[in-house]
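Here is a colleague's note to read with the model open beside you. Please take the points in order and find each place on screen as you go.

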Amino acid sequence: MRCEICNECVFGEDGITVLGIGAAHVACFEMEKNIRREFGNINISRLNDEDFNDLYDMVMAERNVRASNFEEKSIELF
Ligand SMILES: [Zn+2]
C-alpha cells in the first residue's frame, strides 16, 4: 500500500486510511490537513467569502458568549 500524499510505502502503525483520500502516513495526513485548513467536516479554504464570514461571525459570537459566561462565573465566586 502506498501513501496517497507522499507516494512512499505505508506500513502498520504509521498508516491510516483516510476517507476520500485513501492510505496515508499519519504524519503526511496531519500535514495535509493543516495545509487544507479543515475543521471537522468543513474545508475552510473552500468556503466562499459569504460563508466564511458567516462562520467567522458564529465563532466570534460563541467566543463572546463563552467569555461572558466566564465573567459571570467569576463574579458568582466572590
Ligand atoms: Zn506519506
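1. Start with the contacts. Among those in the chain between residues at least 6 apart in sequence, 7% join residues at least 24 apart. Two residues are in contact if their C-beta atoms, placed from the backbone, lie within 7 Å.

2. A word on what you are looking at. This is a predicted model, in which local features need pLDDT of at least 70 and side-chain atom pairs count only at pLDDT 80 or more, while totals for chains, interfaces and linings use all residues. Residues are numbered from 1 along each chain as its sequence is written.

3. Now the overall dimensions. The radius of gyration of the chain, taken over C-alpha atoms, is 19 Å, whereas a compact globule of 78 residues would have one near 12 Å. That globule rule is 2.2 Å times the number of residues to the power 0.38. Along the principal axes, the C-alpha atoms fill a box of roughly 60 × 35 × 15 Å.

4. The chain is divided into domain 1 (1–43) and domain 2 (47–78), with bounds from an automatic or database domain assignment. Their centres, taken over C-alpha atoms, are separated by 32 Å.

5. How many of the 78 residues count as buried? The share is 6%. A residue is buried if 20 or more other C-beta atoms lie within 10 Å of its own, exposed if 12 or fewer, and partly exposed in between, with C-beta atoms placed from the backbone.

6. Next, trace the fold. Helices (H or I, at least four residues) and strands (E, at least two) are DSSP runs, numbered from the N terminus.

7. Strand 1 and strand 2 (residues 22–25) pair in the antiparallel sense over four bridges; to pair, two strands need at least two bridges found by DSSP.

8. Have a look at threonine 17, in strand 1 (residues 15–18). Why does threonine 17 count as exposed? Because it has 12 C-beta neighbours inside 10 Å. Leaving aside residues up to four places away in sequence, threonine 17 touches Gly22 and Ala23.

9. Finally, visit asparagine 7, in the segment before strand 1. Its phi is near 75 degrees, a positive value in a residue other than glycine. Asparagine 7 is exposed, with 8 other C-beta atoms within 10 Å.
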